[in-house]
Amino acid sequence: MASLHLNAATTAPSQHTKYPIVTGTSVLGLRYDGGVMVAADTLCSYGSMAKYKDARRIRTVGPATLLGASGEYSDFQSIMDMLEGMEQQNDNFDDGHSTDAQQTHSYLRAVMYQRRSKMNPLWNDLVVAGPNFLGLVDKIGTTYTDNFIATGFGSYLAIPILRKKWRPTMSEGEARGLLEDCLKVLFYRDCRALNRIQIAKVTEEGGAVVSEPYEIETDWSAASFATTKGGLEGDGGW
Amino acid sequence: MAALANSFLSPESSRLKPGELSTGTTIMAVPFPGGVVLGADSRVSTGTYIANRTSDKIAQLSSKIFCCRSGSAADTQALTDYVRFYLQQWEVETGRNATVKVAAHLMRKICYQNKDNLSAGVIVGGWDEVDGGSVYNIPLGGTMIKMDCAIGGSGSTYIYGLTDALHKPNMTKAETVAMVKKSISHAMARDGSSGGIIRTCIVDESGVEREYIPGNQLPYGP
């Protein structure tokens, strides 16, 4: 490397701000009576192509933390490697301690902000959940916690629904139903969404668990699907 | 992000102005002895937002001639309006029903002469007494090519292999319909800019049949 002679006139400036290649769309999270739930679809897109339809975008970190990621999938995998390494260190120390959700959230904030300050971000918006914690860390290191969280398109389409329907006393079934409704709307309206989803929950008693992917029901009964609009008497086919 | 997004899109999509509505799209038309089958998805997107998931991309040009629209929604709607008008005029002046060849030529003329300002890929298909069922593909730029199996739109890139493998000349009407539905399903399963329902239009001597498949009953996917 030291012996390379680079001519400034012919070398492009080195760029550390990457752009994402393989990306996941929205991640949703909400608190319910008994724990916290996180949901996302299982699609990773390659530009506009729906390339990987069984991608796991929500993972457990240690026994009682969930991490959901939107954005660049390889950066999420790198973050998981980092966090799993920390978990291993905890296990090795063998003193009964592990990193909880709030600590993971703070740690990720530091990591994301540091990368942003070097102009080479990890291109993710992350949702961190624990038995009594729900927070977001974005690609520039912004953090906040709330009763419900959404990334990507979810912040435009799901948050209004969550604001209307969320109650602190929601049961697990109600919480799941609400998340499914939000993901259904996202499937209808986000070009990068899929109807195959995962829902994960984290509770005091049961720890962190991620469901197997499953397909959600979608509704195609609106009259507008059946009526044709391209006819001669119409205005052009909208 | 914008630079990358454009490099993955087909020439049609990358020429759209920011915020312009795109019929992202998968469209298809296949002739069979005695008629033609046209098919399309129903998704209209602005960027990654689905502005309309119930759109009808198969526009009628005359009683037995239709066209599938892809590219800019505004441009293709305007094109359709012009061609309908000219075809009506043609039918009045000649006293005959328009042929698919005439409709396709009119479409091509407008697309070619305005190539710098249009972002439209259309497939004209229909039935007439002279040629029976025929299909003309008119991509960006205004080339016009008569084809045995025409596909278009951003989703078509994912089904070139499939349609090459499935298509045979002189299939029956039922086989052709099944092939169109299957192919469009596969494209919708992979293209983020295509989705919703599959609309089909079958045109033959006896008339026009318009059908649709709801998004949860597709032959494949989503």
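Predicted model: local features only at pLDDT ≥ 70, side-chain atom pairs only at ≥ 80, totals over all residues.

User: Start with the interface. How many residues does each chain put into the contact?
Analyst: Chain B contributes 43 residues, and chain A contributes 38 residues.

User: What area is buried there, and what share comes from carbon and sulfur?
Analyst: About 3,600 Å² is buried between chain B and chain A. Carbon and sulfur atoms give 56% of that area.

User: How many salt bridges and polar contacts between chain B and chain A?
Analyst: The salt bridge count between chain B and chain A is 0. For polar contacts between chain B and chain A, the count is 20 residue pairs, with both residues at pLDDT 80 or more.

User: Which elements of chain B supply the side that touches chain A?
Analyst: At least two residues each come from α1 (2-8), β4 (44-46), β5 (49-52), β6 (58-62), α3 (73-94), α6 (173-190) and β13 (207-213) of chain B. The most comes from β6(B), with 5 residues.

User: And by class?
Analyst: The side of chain B that touches chain A has 18 nonpolar, 15 polar and 10 charged residues.

User: You said there are 0 salt bridges between chain B and chain A. How many over all chains?
Analyst: Over all chains the count comes to 12 salt bridges. One of them is in chain A, between R196(A) and D54(A), whose closest N and O atoms are 2.8 Å apart.

User: Where do R196(A) and D54(A) sit in the chain?
Analyst: R196(A) is in strand β12 of chain A, and D54(A) is in the loop between β5 (49-52) and β6 (58-60) of chain A. The two residues are 142 residues apart, so this pair links distant parts of the chain.

User: Sheets next. What is the strand order in the open sheet of chain B?
Analyst: The order is β11-β2-β3-β12-β13 (chain B), 5 strands with antiparallel pairing.

User: Why do β11 and β13 of chain B have one side without a neighbour in the sheet?
Analyst: β11 (150-152) and β13 of chain B stand at the edges with a single partner strand each, so one side of each has no neighbour in the sheet. On average, neighbouring strands of this sheet are turned by 10° against each other, direction ignored.

User: How many bridges hold β2 to β11 in chain B?
Analyst: Strand β2 (residues 27-32) of chain B is joined to β11(B) by 3 bridges, and the two run antiparallel. Within that pairing, M28(B) stands opposite I151(B) in β11(B).

User: What lies across that sheet?
Analyst: α6(B) lies across β2, β3 (35-40), β12 (198-204) and β13 of chain B. The helix α6(B) runs at about 165° to β2(B).

User: How many bridges between β12 and β13 in chain B, and how many in chain A?
Analyst: In chain B, β12(B) and β13(B) pair antiparallel over 7 bridges. In chain A, strand β12 (residues 196-203) and strand β13 (residues 207-210) pair antiparallel over 4 bridges.

User: How many residues sit between the strands of each hairpin?
Analyst: There are 2 residues between β12(B) and β13(B), and 3 residues between β12(A) and β13(A).

User: Which bridge partners can I check?
Analyst: V203(B) has V208(B) as its bridge partner in β13(B). In chain A, T203(A) has G207(A) as its bridge partner in β13(A).

User: Last topic, backbone geometry. Where is the cis peptide bond?
Analyst: The cis peptide bond joins G221(B) and P222(B), with omega about 5°. P222(B) is in the segment after β13 of chain B.

User: What about the phi of M119(A)?
Analyst: Phi of M119(A) is near 60°, a positive value in a residue other than glycine. M119(A) lies in the loop between α2 (101-117) and β8 (124-130) of chain A.

Methods: Residues numbered from 1 in each chain as written. Chains lettered and ligands numbered in written order. Heavy atoms only, no water. Contact = heavy atoms within 4.5 Å. Buried area = accessible area lost by both parts, 1.4 Å probe. Salt bridge = Lys/Arg side-chain N within 4 Å of Asp/Glu carboxyl O. Polar contact = N/O pair within 3.5 Å; in protein donor to acceptor, adjacent residues only side chain to side chain. Nonpolar A, V, L, I, M, F, W, Y, C, P; charged D, E, K, R; others polar. Pairing = 2+ DSSP bridges. Axes fitted to C-alpha atoms, helices over the stretch in contact; angles between N-to-C directions.
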